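I opened the notebook for a quick tour of this chain.

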Amino acid sequence: MLSVLARPTGAALRRSFSTSAQNNAKVAVLGASGGIGQPLSLLLKNSPLVSRLTLYDLAHTPGVAADLSHIETRATVKGYLGPEQLPDCLKGCDVVVIPAGVPRKPGMTRDDLFNTNATIVATLTAACAQHCPEAMICIISNPVNSTIPITSEVFKKHGVYNPSKIFGVTTLDVVRANAFVAQLKGLDPARVNVPVIGGHAGKTIIPLISQCTPKVDFPQDQLTALTGRIQEAGTEVVKAKAGAGSATLSMAYAGARFVFSLVDAINGKEGVVECSFVKSQETDCAYFSTPLLLGKKGIEKNLGMGKLSPFEEKMVAEAIPELKASIKKGEEFVKNMK
């Protein structure tokens with residue numbers, strides 16, 4: 001089913017510079033001065049789809065905005081500093097992307113980030129619920145398996161919850177799967193599409209190699225190793241950076257790819273499909289990532305898991321208890337907030 005749907009390839013990042021009347025997306029980046037925020041803001045500034053880019057952080061945003069504003073593309077750029085300027089940053093936004101938070105260090109799991117990042121995400125999404133309740137909210141801050149339930153509960157508290165507009169950005173898992181499969185098979189990565197379902201941490205990341213387009217085959221030992229590499233690719237980067245951070249550049253690319261797909265869909269482009277961690281009825285987890293058909297109002301249709309191989313079915317079964325625990329942790333955090 002998925003193979004017939006057009007994949008929003010890296011071409012979204014390389015589209016020709018047109019200025020059709022629809023290309024007027026107002027995008028905010030919250031956490032714009034950080035390791036992901038800066039390259040993400042650069043990619044968004046570089047796109048003809050974006051007409052206004054507002055950048056928020058606790059430090060350095062005026063400088064980042066001044067720097068980006070010199071680039072010869074049409075998006076206007078403005079920096080906002082500190083909580084009192086956050087409302088103005090958000091007003092009128094179509095899309096808000098949130099990479100704010102602390103990165104992983106060697107030896108840390110995404111879950112170790114929970115206490116710090118949960119508070120940051122709850123605070124920022126509360127501002128979104130108040131000042132741009134209709135915007136599409138894209139959460140990058142880890143652990144996504146918990147920060148998406150947090151975002152949903154915060155929006156519910158403010159009476160503006162719309163499950164079709166809250167997205168956990170898992171695109172980096174898809175991007176990595178595409179890159180790694182392409183490397184192993186000598187394919188052009190722009191032509192490879194591996195759906196990745198489940199969640200966005202360790203064994204909850206489930207690449208559906210059996211549904212890859214073009215079709216690829218691996219012996220079981222190679223498939224197990226490839227799957228493990230996709231699941232632990234974040235840790236691979238954390239180790240390689242040796243304490244200097246986590247995946248920032250590839251994450252910025254993946255975040256931009258997701259935003260461009262979302263904006264394309266808002267603009268009326270048909271057949272735009274991305275995987276994302278969202279409110280879901282596909283399993284008995286309240287949230288689950290699957291391929292989604294995107295539309296003008298966010299999620300148009302959840303395309304579900306499709307046909308799984310026995311290996312993939314086993315991974316789903318093993319991921320669900322961990323996913324449920326992470327979801328519950330996020331929900332409880334908002335319930336217990338002052």
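Predicted model: local features only at pLDDT ≥ 70, side-chain atom pairs only at ≥ 80, totals over all residues.

Domains. I looked up the assignment for the protein chain and found domain 1 at 25-169 and domain 2 at 171-327. Their C-alpha centres lie 21 Å apart.

Contact. I then checked who takes part: domain 1 brings 35 residues to the contact and domain 2 brings 45 residues. Putting the two together buries about 3,200 Å², and carbon and sulfur atoms give 70% of that area. On the domain 1 side, I noted Arg110, Asn145 and Val169, which supply 21% of the area this domain buries against domain 2, more than any other three residues.

Record. I turned to UniProt, where an unreviewed entry lists residues 170-334 as "domain: Lactate/malate dehydrogenase C-terminal". Over that stretch I get 47% helix and 16% strand. The C-alpha atoms at the ends of 170-334 are 22 Å apart.

Cavities. How many cavities of 30 Å³ or more are there? I count 2. I took a look at the second largest cavity, which holds about 30 Å³ of space. Its lining is made up of Pro133, Ala135, Ile137, Phe155, Val160, Tyr161, Asn162, Lys165 and Ile166. Sorted by class, the lining of this second largest cavity has 7 nonpolar residues, 1 polar and 1 charged.

Methods. Residues numbered from 1 in each chain as written. Heavy atoms only, no water. UniProt positions renumbered as here; feature names shortened; annotations may be inferred. Helix = DSSP H or I, 4+ residues; strand = E, 2+ residues; numbered from the N terminus. 1 Å grid on protein atoms, 1.4 Å probe; cavity = no way out; pocket = protein on both sides within 12 Å on 5 of 7 lines; lining within 4 Å. Points joined across faces, edges and corners; volume = space filled by probe spheres on them. Nonpolar A, V, L, I, M, F, W, Y, C, P; charged D, E, K, R; others polar. Domains from an automatic or database assignment. Contact = heavy atoms within 4.5 Å. Buried area = accessible area lost by both parts, 1.4 Å probe.
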